[in-house]
Amino acid sequence: MEAKYIGLILIIFLSFLAGCHTLNGEFVSDDFVLLEAAENVGILQMFTSNWLGERGEGGFYRPMVLASWKLDRLLYGANPRGYHFTNILLHVTITVMAYLLIWMFTKKLRVALPAAALFAIHPIHVEAIAWISGRTDTVTAFFYLLSMLCFLKSSEKKDSRQNNLKHVALVSGICAMLSKEIALTLPIVITTMDILYRRMQRAESFRKGYTPYFIALATILLVRYFALGSFVGGYGSDTHLRFGVIFRYMIFYIQFFLEPFGMPGNPASLYRWVLLAGFLMLSVMAFFSDKTVAGATWFWLVAIPVLTICRPQYMYLPSLGLFWVTAVIVFDDESFDRPEIKQFMWSIIWIVFMLIFIMHTFELNKQWSQLGWTGKSIEKVFRAVYPDVDPDQRFVVINPPASQRLNVGVFQNGLQQAVRLWYDDSSLEAVRLAVPEQYTDRHPDRDIVFQFDNDKIVDLTDYYKGVADARFLWPESPVEIVLEDDQTLDLAGLDISITGIEILSQLSHSTDVTNETPIARINVRFQDGRNETHYLQVGVHTSEWAYDRNDVRERVIHDRAPIAFSYFGSVFPATPFPGHTYSGLIPFNQPGVPASVSIQSLTQTIQQIEDPVKLSIRMINAVNNQAD
């Protein structure tokens, strides 16, 4: 078998290896938005309208990407595994085309193979492959490279196949320009690269044949304008025109390429600016060498639209040029053929770097898998607690996850569409996102309330239904405090009369504690001089937090106290289970104005062989049930 085809098999393996870990991933963030659009946006509408404008971002004109989602929706329904498989298949195909493109220019396996291999496994491509919505870049790259290859190959044919290849090239180019804004560079790039190719292959000089691409570009820009009201901008905005940030963003892009090795200093440090200057100088030098000019031209011309915006996935297509130049510099030295030891040493160094990159790619894939798992856990929580909902019910999510791509599983971007997808009901009222102090327009009869609390998902629906207007948060009430041994929590008094207090708490390591065991002493001193002493009791006012976890339920010997709210841990990759915070109502013997309240832990009185019992107090409410 020829070495060329052995290299082809190797890069297919590497590109599949880089993405195979994502097959078990889930939908996250914008995936839910596009999934809903794939179901509801018509074919004509996706080519002629601002179909994503309702999200308030100005628009989204990438009809070929949505077409790929529609095809996946038809094939896989709402099963994310199929969508991930499509992403991986696209990456494998694109890597093969990248390999063939470099081979056409160089005719050297020692350049095409390492460049394509680096393209296959580099961690800067993880977001475009592991995130289903990152498909915008892979779909674009697929059509972009197909158009380039077919156009260049057509110059080698002298029969009817030449016209066929030209037609495929033009149609692919149009599809690329209808996939993402970065492809609007294609007419210029295909013209420039063809001239370079013909010069390097010593073919006939300049030929005509580029005009259809520029006509297609002008037509697409015109259609974009009528659909979005803007010629450029991924969301109909000027995000592609902020030229003042180019150099700062280029520093970040260099960091993305070198991410496994880290970059010392902050983005404004002298070190990074020196690194940027060196990168620019090498780029200029690359244009003056016949061996590197094609790769350098590819990188800079394709990267033009993304130099004023900054995300790793935006380098998916331009990075091919950088890897191309790097492979030429390392493996195409004039003296490379002669000393075998030099060839051997460079090959070993390259393999070491490849291993470092693939390991980092695996780690980033793991993070994306964790994101998907977190999103799936949220779905399981919602569906387990509320398996059925009425269309007039409203989801309220307090403290929703921040829109940070590598920190949470369901981002604010797609939460509303996610809930509609989970319940298969597009008529569900919009999900309300709020912070606690903004949740004022309550509708206890129809609100389903969840709160995100670090790694917990808290169900507050019943709690908000049961909280009367006369119950309010005690001043200086803790968010959470653990009372151990003889520790005492002292609360300042109030200036109004109340009938009791509510302590929201939970226990840990308490499976062996019996019912009605005092776990805390509550001393209340009133302004009229009275004193009252009450006790927080196990199984009456508070209980083991993991009471309903299977292994705990088998061992716990006290009852479960009234639940204030439940939450679900999301520690990857365990199955989520409900944890509880309990409501302990302590009525006073008679109403009064408290001058002070102290809560003293009695955990030291409970003898256990294993870990000591801990009492966690989440919140304290004052209760006033006096008649008007």
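Is Cys 150 buried or exposed? Cys 150 is buried, with a relative accessible area of 9%; buried means under 20%, exposed over 50% and partly exposed in between, using a 1.4 Å probe and protein chains only. Cys 175 is buried too, at 15% relative accessibility.

## The model

This is a predicted model, where local features need pLDDT of at least 70 and side-chain atom pairs count only at pLDDT 80 or more, while totals for chains, interfaces and linings use all residues. Residues are numbered from 1 along each chain as its sequence is written, and side-chain values use heavy atoms, leaving out hydrogens and water.

## The chain overall

The protein chain has 628 residues, and 53% of them count as buried. As for disulfides (cysteine sulfur pairs within 2.5 Å), there are zero in the structure.

## Salt bridges

Side chains of opposite charge can pair when their charged atoms come close. Here, a salt bridge means a side-chain nitrogen of Lys or Arg within 4 Å of a carboxyl oxygen of Asp or Glu, and the whole structure holds 13 of them. One of them joins Lys 180 to Asp 137, with the closest N and O atoms 2.9 Å apart. Both ends are tucked away: Lys 180 is buried at 6%, and Asp 137 is buried at 5%.

Arg 553 pairs with Asp 548 at 2.7 Å between the closest N and O atoms. Arg 553 is partly exposed at 47%, whereas Asp 548 counts as buried at 19%. Asp 551 and Arg 549 form another bridge, at 2.8 Å; Asp 551 is partly exposed at 37%, and so is Arg 549 at 28%.
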